[in-house]
Amino acid sequence: MTGSDDARRFYAKLMAAHARSADPRIEEVFTSVPREAFLGPGPWTVFAGDGGFKTPTADPSYIYQNVLVVLDADKGINNGEPVLHAMWIGKVAPKPGEAVTHIGAGTGYYTALLAKLVEPGGSVTAFEIEADLAAQARINLAAYGNVEVVPGDAVASPVPPSDVIYVNAAVVAPPAAWLKALRPGGRLIFPWRPADRIGLAVLVTRMQAGFACQPFMGSWFIPCVGASVAGPEAKVPTRERAARTRSIWLSEDKAPDRTATAVFGDVWFSSRIIRGGKR
């Protein structure tokens, strides 16, 4: 066993601890999927805290840390912090047999983790709007028979019916089509950035009526093309009102009312807690 193998095993234990999940497969997938296979040849430029620097060599041990790894410096695109993704994966809890849509797949590292977590019988549709990254993701994920890489815009393109939608680009509100694509009991996890100074990770679950919503941590991602700018008619929340949000509604199903914390056209957010089972 090499030093990088040891580093990956220890990293996987750390990620499983941060996931706060009883699912032992989370540690297994972080162990089995080599991060370096999705980053291009090293040395790599990493970001930690407020600074960026190159790893001393191409030894993969250096990227089995909680660091961002640069994929496209000019566009500010990185392979994101593993601890954040471990926490998100623990929250959204992908299960064998489920259908996942990954929006903002980059070069496919976190797509690969999701793909393993829905085996056997599950699948992942991975959208990546940057053509060069999508092409690389397709190469990187060629060995994953349950993954389809879609080089395109998940805001403008149809999203397949999904048990999990995992979004890695910030939106002012999830497009109505994403909410409609959720199957009964389906979960959507996304970075909510309704205003420049507000960045929250939000877990949404489809209920019998409406969508339960849980903001659970701060989160900052690059903007999602086509869904990151509020229209002039939008009701933009304060940070406090955003944090109090407990449900999301489609305006076609229910008009915004006095509980509205934010309104963005055909989707609005509410402080109302949804009672009752999943749809």
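Strand S3 and helix H5 (131-140) each supply at least two residues of the lining of the second largest pocket, where helices (H or I, at least four residues) and strands (E, at least two) are DSSP runs, numbered from the N terminus. This is a predicted model, in which local features need pLDDT of at least 70 and side-chain atom pairs count only at pLDDT 80 or more, while totals for chains, interfaces and linings use all residues. Residues are numbered from 1 along each chain as its sequence is written, and side-chain values use heavy atoms, with hydrogens and water left out.

A pocket is an open set of points on a 1 Å grid over the protein atoms alone, where a 1.4 Å probe fits, with protein on both sides within 12 Å along at least five of seven lines, and its lining residues have an atom within 4 Å of a point. Grid points are joined across faces, edges and corners, and a volume is the space filled by probe spheres set on the points.

| Pocket | Volume |
|---|---|
| Largest pocket | about 730 Å³ |
| Second largest pocket | about 170 Å³ |

Of the 13 residues that line the second largest pocket, Leu39, Gly40, Pro41, Val70 and Leu71 are the closest to its centre. The largest pocket is lined by 38 residues, and Ile77, Asn78, Asn168, Phe221 and Ile222 lie nearest its centre. Strand S4 gives the most to the lining of the largest pocket, with three residues.

Helix H3 (residues 82-92) and helix H4 (residues 109-117) pack at an angle of about 30 degrees, with their axes 12 Å apart.

How values were computed: Axes fitted to C-alpha atoms, helices over the stretch in contact; angles between N-to-C directions.
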